[in-house]
Amino acid sequence: MCGGAERLIPSPAGGGGLGRGRKKRDLALRPHPFPLPRSRGRGNGLSRFALARGATLVEVVLFIVIIATAVTAVLGTLSLTVGRSADPLVARQSLAIAESMLQEVMSQPYTANDLDGGPDAMGPEAGETRFSSTSPFDHVDDYNGYSMNGIVKPDGTPVPGLSAYSASVAVQAQALDNIASGEGLLVTVTVTGPGGYSVSLRGFRARVAP
């Protein structure tokens, strides 16, 4: 070869023929020995590291508010249920006191005239008390408005273990079918025990004597 001759290089793309200036182009078409990593985003050009983020402050606050509301509702329901479920001993004691007091009231006479003389009036007559040995209650309506804090017997003796209970009596005129309101009475005994538990019993009484 002479010094002025042009060197021809075979081109693989050309099927083994000769061509000019093919060397740089052929090298450019060859794959890079260390290709760059491709993005694994979901079509928006973000990498998996950009998509992996924590909760925002707003989301945390909303979560706390929702949990607090749910817990408050549950605790409110439990508190209401527990508050309405009285101790069985208190319930039995209150019912026994109410039954005993109602029996005491209903055992009294109910007449048009008081046993001490004169017409009967709603409530105790002058000087009458439940514990009096000379002027005790002698009529059903004498107990109207009577109350006691701590249960005591008719003679005034306190009942052991019942000092935390209270009782009250209300008597009012009540019509009973064919009986006029002036001839019938409605007696209501209310007993309140520890914890605010309350029970009421009612009894009806008709006048059978003048």
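In this predicted model, the side chain of Ser 132 reaches the backbone nitrogen of Thr 134 at 3.2 Å, a polar contact (a pair of N or O atoms within 3.5 Å; within protein, one must be able to donate a hydrogen and the other to accept it, and residues adjacent in sequence count only if both atoms are side-chain atoms). A polar atom of the Ser 132 side chain also lies 2.9 Å from the backbone nitrogen of Ser 135. Ser 132 is placed in the loop between helix H4 (88-106) and strand S3 (147-149). Helices (H or I, at least four residues) and strands (E, at least two) are DSSP runs, numbered from the N terminus.

Residues are numbered from 1 along each chain as its sequence is written, and side-chain values use heavy atoms, with hydrogens and water left out. As the model is predicted, local features need pLDDT of at least 70 and side-chain atom pairs count only at pLDDT 80 or more, whereas totals for chains, interfaces and linings use all residues. The predictor's confidence in each residue, from 0 to 100, is given by pLDDT. The protein averages a pLDDT of 78, and 69% of the residues score at least 70. Among the elements, S3 has the highest mean pLDDT (95), while strand S2 (residues 18-19) has the lowest (47). Where pLDDT is low, the predicted coordinates should not be read in detail.

The protein contains four helices and six strands. From the N terminus on, these elements run in the order β-β-α-α-α-α-β-β-β-β. Of the 210 residues, 24% count as buried; buried means under 20% relative accessible area, exposed over 50%, and partly exposed in between (1.4 Å probe, protein chains only). Among contacts (heavy atoms within 4.5 Å) between residues at least 6 apart in sequence, 45% join residues at least 24 apart.

An open sheet is formed by four strands in the order S3-S4-S5-S6, with antiparallel pairing. S3 and S6 are the edge strands, each pairing on one side only. From one strand to the next, the twist averages 15°. Axes are lines fitted to C-alpha atoms, for helices over the stretch in contact, and angles run from 0 to 180 degrees between N-to-C directions. Strands of a sheet pair through backbone hydrogen bonds, either parallel or antiparallel; two strands are taken to pair if DSSP finds at least two bridges between them.

S3 and S4 pair in the antiparallel sense over three bridges, and Ser 147 stands opposite Ser 168 in S4. Strand S4 (residues 166-173) is in turn paired with S5 in the antiparallel sense over eight bridges. Ser 166 stands opposite Thr 192 in S5, and Val 171 faces Val 187 of S5 as its opposite residue. Strand S5 (residues 184-192) is mostly covered, with seven of its nine residues buried.

On its other pairing, S5 joins strand S6 (residues 198-206) in the antiparallel sense over nine bridges. The bridge partner of Leu 185 in S6 is Arg 205, and that of Val 187 is Gly 203. Five residues lie between the strands in the hairpin of S5 and S6, where Gly 195 takes a positive phi near 80°. Helix H4 lies across S3, S4, S5 and S6, running at about 20° to S6.

A salt bridge is a side-chain nitrogen of Lys or Arg within 4 Å of a carboxyl oxygen of Asp or Glu, and by this rule the count comes to two. In one of them, the side chains of Arg 130 and Glu 104 meet at 2.7 Å, N to O. This pair links distant parts of the chain, with Arg 130 in the loop between H4 and S3 and Glu 104 in helix H4, 26 residues apart. Both Arg 130 and Glu 104 are buried.

A salt bridge is also made by the side chains of Glu 183 and Arg 207, at 3.6 Å, N to O. Here, too, distant parts of the chain are linked: Glu 183 is in the loop between S4 and S5, and Arg 207 in the segment after S6, 24 residues apart. Glu 183 counts as partly exposed because its relative accessibility is 32%. Arg 207, at 23% relative accessibility, likewise counts as partly exposed.
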